[in-house]
Amino acid sequence: MSNTHYVRSEMLSEQEPPAATTGAIGWVRENLFSSAFNSVVTLLALAFIYWLLAQALPWMVSPTWHASSLTECREIIAELGYGGACWGIIRERWLQFMFGFYPKELYWRVVLDFILLFVALAPVLFTHLPRKMLYFSAIYPFLMPWLLWGGTIWNPVMAALGFVIGYLASRHLAPVLGNLAATILAFVLPVIWWIFLSGPVADGIASVLPLAIQSVESRAFGGYMLSITIGVVAIALSLPIGILLALGRQSNLLIVRSLSVGFIEFIRGVPLITLLFVASTLLNIFMPPGTDFDIILRVIIMVTLFASAYMAEVIRGGLAALPRGQYEAADALGLDFWMAQRLIIMPQALKISIPGIVSTFIGVFKDTTLVSIIGLLDPLGLSRAILADAAWNGLVWEIYGFIAVMFFIFCFSMSRYSMYLERKLQTGHR
Amino acid sequence: MSTMTDPPKESFKLGMLIYDTRYRSITIQIVALIGFLILAGWLINNTINNLAVLGKPIDFTFLRDPAGYDINQRLIDYNSQSSHWRATVVGLLNTLLVAVLGCITATVVGVIVGVLRLSNNWLVSRLMTVYVEMFRNVPVLLWIVFTMAILIETLPAPRDFRGEDPEASMLLFDSVALTNRGVYVPEPLFSRGLGDLPILPDTDSPACAIPEDGGPVSDSCGMFQISLDFLLIAAVFLAGLYASSKIRQRADRIQNETGDRPTTWYLRLGVVLIPTLAVLAALGFHLGMPELKGFNFQGGIYLRNSLIALWLSLSLYTAAFIAEIVRAGILAISKGQTEAAAALGLWPNRIMSLVILPQALRVIIPPLISQYLNLTKNSSLAIAVGYMDLTGTLMGITLNQTGRELETVLMGMLVYLSISLAISAGMNLYNQRVKLVER
């Protein structure tokens, strides 16, 4: 008796996977209802989302956009029969939230300034753009304050001239006087120019050729324009200072290192609000008697110092992440310290630190709200004034909600951009 | 045979200070030092000149003057006749109070959110992502004022608790009242208490003056009062924990020798709980419930809205950052570790406690502590909701009343700096301890 077994002689053809594990159903089963516990959690989460939307959506879509006062709002909402927001206040005040008390007919200057900011940033961020655009990026730091504050054009021109003098000195005096003297003069001459000469010269030219636009007081600055100005200027200035501090902290020169460490740890150890108190009350005491400079400038100085300490730590992380071989290879090529930094170390270290730099920027931008505590009219400072307005008394939710959404849009898009940049710059050798 | 000759002796030239690496480092340092000293000297000189013009040289005696303002939320005795110095201490304690409360809550919420963000339930992980992004991308100051506004707008007023059919009622067996003025919770009371222990006798305080009838000095004499009851309870509790850890060590030893682990959980629980409960009973521990009397609640501990708003918003804000840290820490441990531990035959909970957590904590703890530091520094925003912390007392009202900007702001900065440096010194110690020993 033969003991035959069933032996398959050919392969079965491939089958479709079971319907319950593919497509939308499969996805739902796997991600939402994979176990009894998971199903319960999913249902609870759904209930929570439903509750949240049921509360928030009718409130948000209330048709009060054109109401011109709180009482008008209340009438519209009473007709609706459910609680709604009063959006009229945003329609009426949104320009103020953007520009503060900047003169209405001069809004174009602010808008132009921020458009030009992107033009100036573009060649830095996107390397395939023509290199000639970098000349505009170099001019922009002098153009920007002039557009915002107005006044005679000769002051920014004279300030820029100082840098030109320094450059020319280092370039053309070296063959005549030797490198050492040229380097020293390249620092000393511009300082002499700025302190003693530029003011009278600017006044002189202005009296002959009065090229000026209407000047705007710092008091008029406010809203998001103020936040962005403080944030952008502070970050732009803190980047070079931060690089120097990071190099100082890494260096093996004892005095330089201790000074850098002392500065960084001091700034990082105190809250920003105390530095702002210094800006509002103490900075004038530290300056020569009789100096009384602008509150926004003082705030920008302190926020810059604050940001550069954090920036230094971010860049130090980037420097530490570079393999030692990079430093040794640069030495082996015979590059001196600054050439090695410029050509080998910094391009790589800065690339590694991009996420940190962007998150520092987001942090500084969010922290600009603190200036409301020392009385500047950033969005939060404005909101106090608006909440006290008799026509719109006590619309807390609408105003804070609006400010929060605006900040969220700014910060969230910046963090997404940094993630994109990180992926783009990832050359894959690590 | 050739003779070695010395290289030609270089004469020192001025240019060598810059071009010769032997001297350059010294040149740079000296230039840096001189530059720093000039800058510092210039600033100090300006300051002295300016203060001379203003007619208020640096002087810290204002700290002894009566402060003349009230602080409504405080941990130690204080009244408007107390000195500015005492107001500063009250503020510092308030800063520390909200920092400690915030760190605890932020850790709990942050760990939960961080773990849930890795959940395989899509909806839950998305919800947590929304939470994290929402809090991380909006300024903390806005969250603080917003939370304050929410508390004031949505919670019932104390009068709503009155009447036959009140609109609002107390929670947890009539022990907790949430009102738009603040939260009332029960307070621990001791009917056979031991009294207070005054420390740092403060001869300036009126409480320390010897009464005219020659009676004993008042009990409340002293900078601070520390409740002896709490000291005793804490001591007994800590002793219990110590005994419990001894029992665990003994169990470990027995396990190592024989392979069997004696059951010790009831011993360890008992040695902590029974003495503590006994002391509580001996001291006559009971809870003082808040009660509605007239227009407001009396009794219990009154946590003002400002404290609650600050605490909640700082915790939720910092928790979003902690969640990211926890998530990164867990993701940093490769799956191979779990699998290797499972291959060794460890139970899942032991894998977590013996293999994953020790490695993840090494990644998590340093950034976690810097978040604690951030929370402590952010607590200085209390001034926006009127919570009287160090910024509110010393750098707020004291500054405005005495006009001593330089002294108060410098003192405030130094206090924050010492808190920060103390915390980062602790972190460095921890890093030293858990550092991987590399070859």
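Predicted model: local features only at pLDDT ≥ 70, side-chain atom pairs only at ≥ 80, totals over all residues.
Residues are numbered from 1 along each chain as its sequence is written, and chains are lettered from A in the order in which they are written.

**The sheet of chain B**

Three strands of chain B form an open, antiparallel sheet in the order β1-β2-β9. Strands are DSSP runs of E with at least two residues, helices are runs of H or I with at least four, and both are numbered from the N terminus; strands pair if DSSP finds at least two bridges between them.

| Strand | Residues |
|---|---|
| β1(B) | 177–179 |
| β2(B) | 182–185 |
| β9(B) | 301–304 |

β1 and β9 of chain B each have a single partner strand, so one side of each lacks a neighbour in the sheet. Three bridges join β1(B) to β2(B). From one strand to the next, the twist averages 15°. Helix α8 of chain B (305–332) packs on this sheet, where it touches β2 and β9 of chain B. The direction of α8 makes about 65° with that of β9(B); axes are lines fitted to C-alpha atoms, for helices over the stretch in contact, and angles run from 0 to 180 degrees between N-to-C directions.

**The domains of chain A**

Chain A comprises domain 1 (103–149 + 219–425) and domain 2 (151–213), with bounds from an automatic or database domain assignment. Their C-alpha centres are 26 Å apart. Four residues of domain 1 and five residues of domain 2 make the contact, which requires C-beta atoms, placed from the backbone, within 7 Å.

Terms used
Contact = placed C-beta atoms within 7 Å.
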